[in-house]
Amino acid sequence: MKRLNSILRAALLAGCVHACGCVFVQSSAIADRTGAGNPITANASDLGYLHLVAPQGLTQTALSNLLSNCATGKVSGVTTELQTRDFFIVQSYNVSVSGTCS
């Protein structure tokens, strides 16, 4: 009976910790710059593990997605934002890119 109470308490504690916001969102951005032309945006996302294995090439993928939205290929005022969500062992990385197509 004592062992069952310990297991139930541990399960309850684990449930409370999980429900109380163990998902962290960290983001940073470069100041917004505007230019003449049409605003365009793109993003790329992937998963990482244990803060040891981060995804490779996210910024390049986001940039190529941004360039594919511009017919002329002339993009100015590019800003990027990296957002990370932490789910205990797994991290979700998302790179958002915006700019002006001229």
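Cys-70 and Cys-101 form a disulfide (a pair of cysteine sulfur atoms within 2.5 Å), with their sulfur atoms 2.0 Å apart. By this rule the count comes to 1 disulfide. The torsion about the S-S bond of Cys-70 and Cys-101 is about 70°, so the disulfide is right-handed. Cys-70 sits in the loop between helix H2 (58–68) and strand E3 (75–87), while Cys-101 belongs to strand E4 (residues 90–101), so the bond ties together parts that are 31 residues apart in sequence.

A word on the basis of this report: the model is predicted, local features need pLDDT of at least 70, side-chain atom pairs count only at pLDDT 80 or more, and totals for chains, interfaces and linings use all residues. Residues are numbered from 1 along each chain as its sequence is written, and side-chain values use heavy atoms, with hydrogens and water left out.

**The overall plan**

The protein chain has 2 helices and 4 strands; these are DSSP runs numbered from the N terminus, with helices being H or I of at least four residues and strands E of at least two. Read from the N terminus, the order is α-β-β-α-β-β. Contact here means heavy atoms within 4.5 Å. Among contacts in the protein chain with a separation of 6 or more, 72% are between residues 24 or more positions apart.

Buried residues account for 21% of the 102 residues in the protein chain. Buried means under 20% relative accessible area, exposed over 50%, and partly exposed in between (1.4 Å probe, protein chains only). The accessible surface of the protein chain is about 7300 Å², and 60% of that belongs to carbon and sulfur atoms; such areas come from the Shrake-Rupley method with a 1.4 Å probe, and for residues only the protein chains shown count as cover.

**The core**

Which residues make up the largest nonpolar core? Its 11 residues are Ile-40, Ala-42, Ala-44, Leu-58, Ala-62, Leu-66, Cys-70, Tyr-93, Val-95, Val-97 and Cys-101. A nonpolar core is a set of buried Ala, Val, Leu, Ile, Met, Phe, Trp, Tyr and Cys residues joined through side-chain atoms within 4.5 Å. E2, H2 and E4 each supply at least two residues of this core, and the largest share, 4 residues, comes from E4. In soluble globular proteins, nonpolar side chains tend to be buried together.

| Residue | Relative accessibility |
|---|---|
| Cys-70 | 5% |
| Cys-101 | 11% |
| Ala-62 | 0% |

Ala-62 lies in helix H2. Leaving out residues up to four places away in sequence, Ala-62 touches Ala-42, Asn-43, Ala-44, Val-95 and Val-97. The C-alpha atoms of Ala-62 and Ala-42 are separated by 6.0 Å, although the two are 20 residues apart along the chain. Cys-70, with neighbours within four places in sequence set aside, is in contact with Ile-40, Val-75 and Cys-101.

**The surface and a loop**

Most residues other than glycine have a negative phi.
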